[in-house]
Structures are given as C-alpha cells and as structure tokens.
Amino acid sequence: MAGFGNSLMLKRGLTFATGLLECLCFAGAVFGWASLVFLLKSEGYFSSLCVNTTGVNGTQVLDCSGQDEQFSLVFTIASFMNNFLTLPNGFLFDRFGTTVARIFGILLYTMGTLLVAFATPALSNLLFPALSLLAVGGMLFLVTNMQVGNLFGAHRSTIITLYNGAFDSSSALFLVIKLLHEAGVSLQASFLFLSACGVVHLLRTFFLLPRKSIPYPLPDHFTYGITCGESKSSELNTANGNARRTIEEKPVNKDINVKQEKSFRECFLSRFFLWHLLWLSVMQLRHYLFIGTLNPMLQRLTAGEPSLVSQYINAFAITQLCGVLCAPWNGLLMDRHKGKPLAAGESEQEADLRSSVLSLFLTALQCLMFSICATTPYLPLQYITFILQVLNRSFLYGGNAAFISVAFPSCHFGKLYGLVMALSAVFSVLQYPCFALVKGALGGDPLYVNIGLTLLSLLAFIHPLSVYLHCRGLASQRAKTKVIN
C-alpha cells in the first residue's frame, strides 16, 4: 500500500512538473509577438508594403506604416482565434476528454511551427494561418493542463494560476528565438525544433495524463495514464478472490450532489458569468492592443533608433518570464482560506467566492495602473509599464480560470472557460479599428485611444463589487437565520 501511494505521488509530481514545463516553454508563445516581429522585419517580411515618402525637409523617408499594420493584423487574428476557438475546444475537451483534445492541439501547434519554418518574405501571408494555429494549439495545452490542479485539492487555485503564469511567461520563447537568430541560428531551424517537440507532447499525453479528465473532488486512489489503469478502490473480488474489475478514471460516488449542480444554461445566464465576462474583456482588450502596437509605439518614443527599440523589446520579453513567479501569488490569495474552519452554515463554494473578491479587485487595480503608465508618452517609464503588464496579465488569466473553477460546477468548466474566452475574443477585435484609428485620423499618436481604454478599464471594478455584495448578502441571511433559530 505504501509503495502504491509513493508511486502515485511520484506520478502526480511528474504530471505537475511536466505540465508546468509545457505551459512555460510552448503554450503562450504567440504573445511574445513583439520579439518575433522585430526579427521578421529585419528579414524583410511584408517589406513590399514599405513606400518612399517625402519628409518635412524634402528628404526621402521610408514609410513602413503599411508593414506595421499588416503585422498588427496577424496578431489581431491570432489573438482572436486563440480566444474564440477556446469555446469549441472546451466542448471538445468536455465531450471527448483529454487525449482527443491534446492530440488535436498538438496537431495544430505542429502545423503552425512548420508554416513559420517554411515561410519566407515572399510567402509572408503564411504568417496568418501559422500564428493562429500556434495560438489555438497552445491554448489547448493550457486547457488540458489546468485540470492537474484537481490532483492537489488544497492548492487547486494556486496550481491553476501557476499554469496560467507559465502560459504568460512562455511568450519569452520568441525572445529566445530572436537571440538565437542574432547568434546565427536560423529562424527555420528554431521552428523545426519546436515541431519535433510534438513527440514529447504525445508521450506526455499517453503516459502522464488521463484519457478523459481528472475529477474534482478527487476519488481515493484515482489513477490515470497508459501504464496504470487500475484503482485500488475499484477492484471487485469474485468468490475465489482471483478476478478483478478495473474502473478507469471514474470518481467514486459520482452521483453525490449532482442534483445541486446548475445547468450550463443557468451558469451562462448568471450575474456572475456576465460580470466576469465584462471584467475579462475590458482588461484583455487593453493588453492585446498594447502587445500588438508595442513595436510602433517604441519606434515613436525612440525616434526610430533600432538599437534602442531592440533594447526595450528585449526588456519587455524578459519581464514576461516573471509571469510564472507572479501568478501563484494570486492563487495563494484565493486559497488562503483552505484548511481553516468554515463559518456556521457557510458552504465551501461561498468561502471560495469570498476569497476571490480580493483577487478580482487587485487585478482590476493593476490594470488601471498599467494603463495609466502605458498612456504616458515617456520612454523610461515603459520599464514600469512592462512590469505592471506582466503582473496584471498573470493575475488576469490565472484569476479568470480559478474563478470559473470555484463559481461554477466542474462538469461545465471546459465549456464555460471556452465560452468566456470566445465572447471576450469578439470584444478584443476592437483592437484593430483602434490601431487603424491611431495610424489614420490620429496621425500615429495613440494618446486619445489610450485615455479611452484607461477609462474603459474602470468597468472591471464592477465584478469584484458584485461578488462582494453577493457574499455579504449570504452572510446576512445566515445571521438572520441564526437569530430566528
């Protein structure tokens, strides 16, 4: 029995560690777009869109605003697909399980890396499908890994936020590729290596993850993976004691509390879901526009000095590595009540919601501070902007997944997570008209658009207030009931 327990804990530890590495090194690479754009511009991608224009002093100036707009469109489409297709992918995960969802994700991610590997300046349009495939495949890695938090019940939110932080930090992958390119490693070689890593993803899918899903709460002696399909609790002895039947990956007493669970429709139409959608959408739009326009913004603030732009791009990419360090703090905030006795009459879900209020509020506050710094056209201040951006982004996506996991039934997690990401993706498409407005009517000055987005981000404070009032109402009801009794 001790050997069984030790091997089970070892396997769970390997599942957690390899999942963290997968999210850290692959899943969110597309959000390191600023580093890749710098490299692609130096290679001449979309360079045919640059035109000679006459400057103020009558000198010939190369205007590459068309090239910048095209790169912005590549990222806009990829970020939209990353979120919008999370909805069908969530249904795929809930309906067919981990193995099918991951094989599909690995296929998409590998196709994306191969398209980048074989793209050339003459075939620049291959970047459109390539980045979208990388984004959707990477999101499937994250979605199928977040369930690993269910293996560690008391630290569930911490692990979910840690994985989301690793997802954010993986945007530094493109910085590594940029630095390797400067050291003489070709872009094609780097992306062919990423394609070959698909074999590692497949091995992990079959050996270190369940075929269906990891339930919550976790049954005793729950096992998974291709090498161990038996659970101690699922053995049924016959009369002679020699035969046994194994039930794979099914929770014990799975019918308990089913009648108490809300339907998917009830969850979708709930006040929590709608305010959470607004909370995510306004902050995500702010981040996407910042990432998609970072290169032209730095070009403007540095007066087009390439070495200075490269320095700030590298600084931005390096700060992205800190996402994996920032995110667990959000999880610890949400798990801080675990292990403590509940108040009389208080449910575990209510305690989880109460703990989430501070996390939701701090995330909205961080976004407001980040937006104010990004709006200020002062170059050295952008170092602070980068720090606030990665802190807020790690809190945003980790908190998003953690809140959905505590506010709604786990059987709807994939669908609700996919739906909130898909609907927020529709909202995030506004980044492209914002970029077009800056390049056109505003003459390249993003100040007024940034002020508008800063004011818009104030709407994010409604969600934590709503959850706080809900929890206070429940506490008030308990107090009245106690007085009556």
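Rings of Phe, Tyr and Trp (its six-membered ring) form an aromatic pair if their centres lie within 6.5 Å; planes under 30 degrees apart count as stacked, over 60 as edge-to-face and the rest as tilted. By this rule the structure holds 26 aromatic pairs. One aromatic cluster is made up of Phe290, Tyr312, Phe316, Phe370, Tyr383 and Phe386.

The model is a predicted one, in which local features need pLDDT of at least 70 and side-chain atom pairs count only at pLDDT 80 or more, while totals for chains, interfaces and linings use all residues. Residues are numbered from 1 along each chain as its sequence is written, and side-chain values use heavy atoms, with hydrogens and water left out.

Helices (H or I, at least four residues) and strands (E, at least two) are DSSP runs, numbered from the N terminus. Helix H3 covers residues 65-84 and helix H12 residues 271-292; their axes come within 10 Å and cross at roughly 145°. Here axes are lines fitted to C-alpha atoms, for helices over the stretch in contact, and angles run from 0 to 180 degrees between N-to-C directions. On the side of H3, the contact is made by Ser72, Phe75, Ser79, Asn82 and Asn83, and on the side of H12 by Gln284, Tyr288, Ile291 and Gly292. Contact means heavy atoms within 4.5 Å. Sorted by class, these residues are three nonpolar, six polar and no charged. Ala, Val, Leu, Ile, Met, Phe, Trp, Tyr, Cys and Pro count as nonpolar, Asp, Glu, Lys and Arg as charged, and the others, Gly among them, as polar.

Phe75 and Tyr288 are edge-to-face, with 6.0 Å from centre to centre and 80° between the planes. Because Phe75 lies in helix H3 and Tyr288 in helix H12, the pair ties together parts that are 213 residues apart in sequence. Phe75 counts as buried because its relative accessibility is 1%, and Tyr288 is buried at 0%. Buried means under 20% relative accessible area, exposed over 50%, and partly exposed in between (1.4 Å probe, protein chains only).

Another pair joins Phe174 and Phe191, with centres 6.0 Å apart and planes at 50°, so it is tilted. Phe174 belongs to helix H8 (residues 173-182) and Phe191 to helix H9 (residues 187-196), 17 residues apart. Both Phe174 and Phe191 are buried.

The loops come next. Thr302 lies between helix H13 (294-301) and helix H14 (306-320), and is buried at 8% relative accessibility. A polar atom of the Thr302 side chain is 2.6 Å from the backbone oxygen of Leu298. Not counting residues up to four places away in sequence, Thr302 touches Leu308, Val309 and Leu379. Ala303 is in the loop between H13 and H14 as well, but Ala303 is exposed, with a relative accessible area of 74%.

Most residues other than glycine have a negative phi. Ala303, not a glycine, has a positive phi of about 60°. Phe46 also has a positive phi of about 60° without being a glycine. Phe46 is placed in the loop between helix H2 (33-43) and strand E1 (51-54), and is buried at 6% relative accessibility.

Arg336 sits in the loop between helix H15 (323-334) and helix H16 (348-375). With 37% relative accessibility, Arg336 counts as partly exposed. Leaving aside neighbours within four places in sequence, Arg336 is in contact with Arg354, Ser355 and Leu358.

How values were computed
Polar contact = N/O pair within 3.5 Å; in protein donor to acceptor, adjacent residues only side chain to side chain.
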